[in-house]
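My entries follow the order in which I looked.

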Amino acid sequence: MKKARSFKKELIYSFLTIAFFSIAFLGCFQIYQISSLIKENQSSQAQTTKYLSDYIGNYVLEHKKMIQTEALNVKEPFEKEDTASIQKQLKDIKTNFPGFVNLYVGNNMGQSLVFYPEVYTDGERRDNLNFSDRSYYKELVNTRTTVISPVFHGRGGTDTLLVAIVSPILNNKGDMIGYVLGALDLNTLGEHLRDRSFGKEGYAVVVDQENNVVVSPFVDTKRELVNLSNSEVVQYFKKQQRGKGSGYFTLEDPHRNVFSTIEKVNVLDWTVWVSKPTEVITNRYKSAIILIAVFLLLTAIVMVIVSLFLTNRLEKTILYLLNYIKDYTKDFKEKRTITKRKQGPQELEELYFHFNRMIDEVEKNRKGLIELNMELEGRVQERTAVLENKNLELKAVNKLITSVSSDKDFAHFIQHCLRKIKPFIGYSIHVYFQDLAVTNEMIYTKQNLLDYLNKHMVGVQQHIEPIQIEKNHKGFLIVDLQGEQSITASDQEFLNTFAGSLAVMLQNKFLFEQIRNKHAILEAVLESMSEGLMLVNNQKEVEYVNEFFLNVVTARDRIPDMTDASDQELENFELFNLDDVFRRFIKLFDVDKDELSAFFSDKNGDLKLEYKQRFKKPKYYILHKFSVMLDEDIIGEGLMLRDITKEEEIDTLKNNLISLTSHEFKTPITNIKGSVETLLRPEVEWEPEFQLELLEGVHEDIERIQHLVNDWMDISKIESGSMHVEREMVSADHVIEKSMEQIPLALRKDAVFRFHSYLKKDFLFYADKMRVQQVLVNLFTNALRYNDAETKEIDVTLDKAQEFVSISVSDNGIGISKDHINKIFNRFYQVDVTATRRRGGTGLGLAICIGIMEAHEGRIEVESDPGKSSTFTLYFPVKKGRE
């Protein structure tokens, strides 16, 4: 355990802490003031830079305007070649704008014509020079506008750094006939800037559009041309792209750290910055920190000295008080008389007086507490006995509480309750309920109360408590008092409580059995419905779904989407909420997401759904949504799913029958009518050959109608389930040969039939010969009709695969596209549904074929390569005899 500090040290540490935080706070405040002052200086520096930018822009702009004005004024004397007038005008400009080193006028070939002043700085007269090689002259020729050049060395005796302002002289047609040039003296501009104050050790730098130095205290612009493109300030300003900026930089020549504020001279594309050494800024912080540290040290020394002096006096007083209390405590324990002490301040004497009175009160209260504690102990013991008795009763009642949802009947449920409380009751307990009498060991049925009391009671007296359950259900709790047993008031209260608890348990059991029976009846009704039902609560969670609904949404025979990887997850799903139902419906049914979302969003409504199956006809359902109400409150929603496939098929059959009648029957009937009307014309006598030809046409049309009627009868038998086949052992070779012979000669005229058999000759299988021929003829006819090849080829293959005999029919026809291959076995379905299709037909042929194969307990499969070929394969189960 850490040793506590003395009171004296604690006071010294407190004084030092207060002094430290006070000085630190003042130091932070001073540093903040210095920081604010530095920010103000930086802001002032930025304003100075902005001012210099405006000043330089205005300075150059004034000289630029003068050159532009001169280009307009000199046009007339230039055209007249009046050099004296030109010379005078240049002199006036030089007088009014001494910032120009020299001025001259040249022709459109770059040759200078008139100079002012005429004498070089070295006293020599100037000759006409050619400046067409200058970059500013080339830019002038291209733009025909005033040009301000970058910094360059003068030519012809003026070797200082210059900036040229050149303006074109244009004739009335707008062609350039000459130019006026004024060379700015950068030293004059630098003197203007150096005359200004930039604070302690501050200076200004100006660079042109090519980052050449215009003004700098570290560059002699009279002798050297310096480029600052690699300067840290210039690189920083390029990245900013804001026209201004500021920051701390490290310069190479001269090597020093500076704070610079930068501005762009927009009218010239020049850059100007003002810099100050970083030491000027940081020295203020250093001075402030040193001052604070020194002041803090001095203050700590002074505070230690002062606190030592103050704490010595206070410590003496505290020690005296502490010793005084120790002596008093020792005297009190030894029951000695305590002598009042004269030593010490007045406050301690008063403290001693009140402390003495407090001890007397404590002693008096202690004796009273002892007496009260003894009284409370007696009451607690009495109350504990009562609570222990009640605790036993509660344990017994708690044991009585059991689940009413068990499968025990009433008698065994009562016996189970009695066995639970047996350890807490010392009496023999019997329960009589309706005509049942129950004990811990036995159950008696069909008992009369009086007879039971006379036969099964051992003691002379019995205590009976009523068990009331509703009006028509009544029972009794019977206590058989044996020997000298008696019922105390506490026992009677407990038995009354026990009888009431047992009544509640039996009431709950009775109600639970009623509800369970009703629930079982309701669930049986819902599960037996021929419609699917799902109920969800207001949180869109599934509360109930019947077997029909679940069978539909867990179907495994839907057409798989091979591009959808999640299709394999459909088998492992559970319906927890409406979102699960939504996703399942999207996977199973051909329905639009937006349409299904709109249906689920509405309160009530109906939605028609199409369910596609693998190798089977699609099914149709109607989904109805309704609100579930309880006492005028909506407690959820219900979904009713009804199979309307039969209704859809009947509607489709009706429409297709009308279409069939209007299309397929109309043509032959019209032909028959025309032929008969032709033969019945009395004014014409027809030749026998022509009459025979008409009658043959009528016969063919009648056969066509008869064929349509037969197809309709067959499809009706298939739909009604009355399609029966009379199977017998037939020769596969013979059936295939006879089927080929039944093809009309007009169809098989250019056809080549090839038969391949992998079985022994005259192989027999169990089937209806006529129906098999009907299927094969249909397949052969389709293979020949839907074939555009010059030589129509049909390959018939007989083989055996496991427990099936297979007959395959392959052709080299037009094939079947993937969009139609799953629909060709539907009734009335035709790949070409246009009014100008090249082949007739009802669309019932393949539907009849699949019905005949199903009647044989077999199947038909198809494979097709669109545009090349198709293969239909018939599978007949292998059976011996008529088994």
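The entries below take up confidence, then a helix, then a sheet.

I note that this is a predicted model, in which local features need pLDDT of at least 70 and side-chain atom pairs count only at pLDDT 80 or more, while totals for chains, interfaces and linings use all residues. Residues are numbered from 1 along each chain as its sequence is written, and side-chain values use heavy atoms, with hydrogens and water left out.

Confidence. I read the pLDDT (the predictor's confidence in each residue, from 0 to 100) and found a chain average of 78, with 81% of the residues scoring at least 70. Over residues 557–570 the pLDDT is below 50, although this stretch has 23 contacts (heavy atoms within 4.5 Å) beyond near neighbours in sequence.

Helix H13. I took helices (H or I, at least four residues) and strands (E, at least two) as DSSP runs numbered from the N terminus. At its N-terminal end I found Asn-577 as the cap, with a side-chain oxygen 3.1 Å from the backbone nitrogen of Asp-579.

Sheet. I traced an open, antiparallel sheet of five strands in the order E8-E7-E11-E10-E9, where two strands pair if DSSP finds at least two bridges between them. E8 (213–215) and E9 (244–251) stand at the edges with a single partner strand each, so one side of each is left without a neighbour in the sheet. E9 pairs with E10 (residues 256–265) over eight bridges, and Leu-251 stands opposite Arg-256 in E10.

Definitions and conventions
Polar contact = N/O pair within 3.5 Å; in protein donor to acceptor, adjacent residues only side chain to side chain.
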